[in-house]
Amino acid sequence: MWLSSRPDSVVTWRSASAHLELREADRWLEPEEAWAWQTATPQRRTLASWSWHDYYGERRNEIVFTGVDLDEGAIRLGLDEALLTVHELAQGREEWAAIPDPLLSNDPG
């Protein structure tokens, strides 16, 4: 997952029933970091090349929900509301990182 508050981090989301785990798992590949590309698995390099964007690089979100009686409309609405607005997106990475992070905050309160 790509979170605005951590623009360089690949965040994994794992959940089952009431359990939810979000954690920083890796860094997104950058075009100028040849060492990162060389140490990435062939599968990672291929996936990055398929989804590559000239401005965002390989950054993307891929989330799959499976279950019985899921409310697709409510899930879509919640995910859509979590997206940056066009105005927020236009402000750039430093502004994104300043947006409060309710998911991976180090603040227990």
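Tutor: Let us begin with a term: two residues are in contact when heavy atoms of theirs lie within 4.5 Å. Keep in mind that this is a predicted model. Leaving aside its neighbours within four places in sequence, Leu-3 has contacts with Val-11, Asp-101, Leu-103 and Leu-104. As background, nonpolar side chains tend to be buried together in soluble globular proteins.

Now to the strands. S1 covers residues 9–16 and S2 covers residues 19–27; the two run antiparallel and are joined by 8 bridges. Ser-9 faces Arg-27 of S2 across the pair. The hairpin of S1 and S2 has 2 residues between the strands, and there Ser-17 adopts a positive phi near 55 degrees. Within S2 sits Leu-20, whose contacts beyond four places in sequence are Trp-13, Arg-14 and Ser-15. Does that make Leu-20 buried, exposed or something in between? What decides it is relative accessibility: Leu-20 has 47% and therefore counts as partly exposed, because that class lies between the buried limit of 20% and the exposed limit of 50%.

The charged side chains come next. Side chains of opposite charge can pair when their charged atoms come close. The count of salt bridges here is 10. One of them joins the side chains of Glu-21 and Arg-23, at 3.9 Å from N to O. Glu-21, with a relative accessible area of 29%, is partly exposed, and Arg-23 is also partly exposed, at 37%.

Another salt bridge pairs Arg-59 with Glu-30, at 2.5 Å from N to O. This pair links distant parts of the chain, 29 residues apart: Arg-59 is in the loop between helix H2 (42–51) and helix H3 (72–82), while Glu-30 is in the loop between S2 and helix H1 (34–39). Both Arg-59 and Glu-30 are buried.

Arg-76 and Glu-72 are both exposed, whereas Arg-59 and Glu-30 are buried. Finally, there is a network: Asp-26, Arg-44, Glu-58, Arg-60 and Glu-62 are joined by salt bridges that share partners.

Key. Residues numbered from 1 in each chain as written. Predicted model: local features only at pLDDT ≥ 70, side-chain atom pairs only at ≥ 80, totals over all residues. Heavy atoms only, no water. Pairing = 2+ DSSP bridges. Helix = DSSP H or I, 4+ residues; strand = E, 2+ residues; numbered from the N terminus. Buried < 20%, exposed > 50% of the residue type's maximum accessible area, 1.4 Å probe, protein only. Salt bridge = Lys/Arg side-chain N within 4 Å of Asp/Glu carboxyl O.
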